[in-house]
Amino acid sequence: MDLTSREWWGLIHGMVLGSLFLLAFAGGLAELHALRPGVETRAGVRGSARRLGLGVTTMAAVAWATVITGTWVVYPWYREKVPTSPKSVLLADPSTASWHTFGMEWKEHIAWLSPMLATAVAFLVLFYGAAMARSDRLRRTAMTLFVVAFASAAVAGAFGALITKSAPVH
């Protein structure tokens with residue numbers, strides 16, 4: 001199987017960075033949920049806070065890498081002003097035009113919420129550390145931001161996968 005350089009970048013953007021994002025989210029959410037004094041010992045809370053700091057910082061970095069490679073590497077190929085570009089292909093057929101007019105236009109904006117919110121969670125975790133275990137409100141706020149960051153990435157990723165299936169970047 002041969003992949004063009006554009007297909008490699010699409011693979012890196014979607015599959016590699018997207019998979020890392022999913023793993024970091026799953027681990028981070030589990031650690032945030034368990035970061036409670038009644039669940040862990042004081043030493044366990046400190047260890048969880050360190051792992052959580054690493055996990056959410058990784059998630060934020062991966063989210064930034066994903067939207068940056070999508071916006072400035074893959075997306076320009078999608079929007080090329082040639083009749084064979086994915087955007088042109090989608091818009092040429094009325095039955096697929098909504099993939100661009102709604103899907104891609106919405107995707108390119110919602111995707112940027114994810115790294116911003118993941119960075120906010122990383123800041124909270126790094127700033128408060130183990131003290132988050134004592135504040136249920138702070139921990140729940142971080143979890144909510146974390147889930148919204150994931151949800152925005154999931155919407156963008158779903159649109160990206162479906163649009164790529166309809167009009168791949170070659």
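The following paragraphs describe the overall fold of a predicted model and then its largest pocket. Local features in this predicted model need pLDDT of at least 70 and side-chain atom pairs count only at pLDDT 80 or more, while totals for chains, interfaces and linings use all residues. Residues are numbered from 1 along each chain as its sequence is written, and side-chain values use heavy atoms, with hydrogens and water left out.

The chain contains 6 helices and 0 strands, in the order α-α-α-α-α-α from the N terminus; helices (H or I, at least four residues) and strands (E, at least two) are DSSP runs. Its C-alpha trace spans about 60 × 30 × 20 Å along the principal axes. Of the 170 residues, 40% are buried, that is, under 20% relative accessible area with a 1.4 Å probe, protein chains only. Among contacts (heavy atoms within 4.5 Å) with a separation of 6 or more, 75% join residues 24 or more positions apart.

The largest pocket has a volume of about 1,100 Å³. A pocket is an open set of points on a 1 Å grid where a 1.4 Å probe fits, with protein on both sides within 12 Å along at least five of seven lines; lining residues have an atom within 4 Å of a point. The volume is the space filled by probe spheres set on the points.

Of the 40 lining residues, His13, Gly14, Lys107, Gly160 and Ala161 are the closest to the pocket centre. Helices H1 (5–34), H2 (42–78), H4 (97–110), H5 (113–128) and H6 (136–166) each supply at least two lining residues, and H1 gives the largest share, 11 residues.

Notes: Buried < 20%, exposed > 50% of the residue type's maximum accessible area, 1.4 Å probe, protein only.
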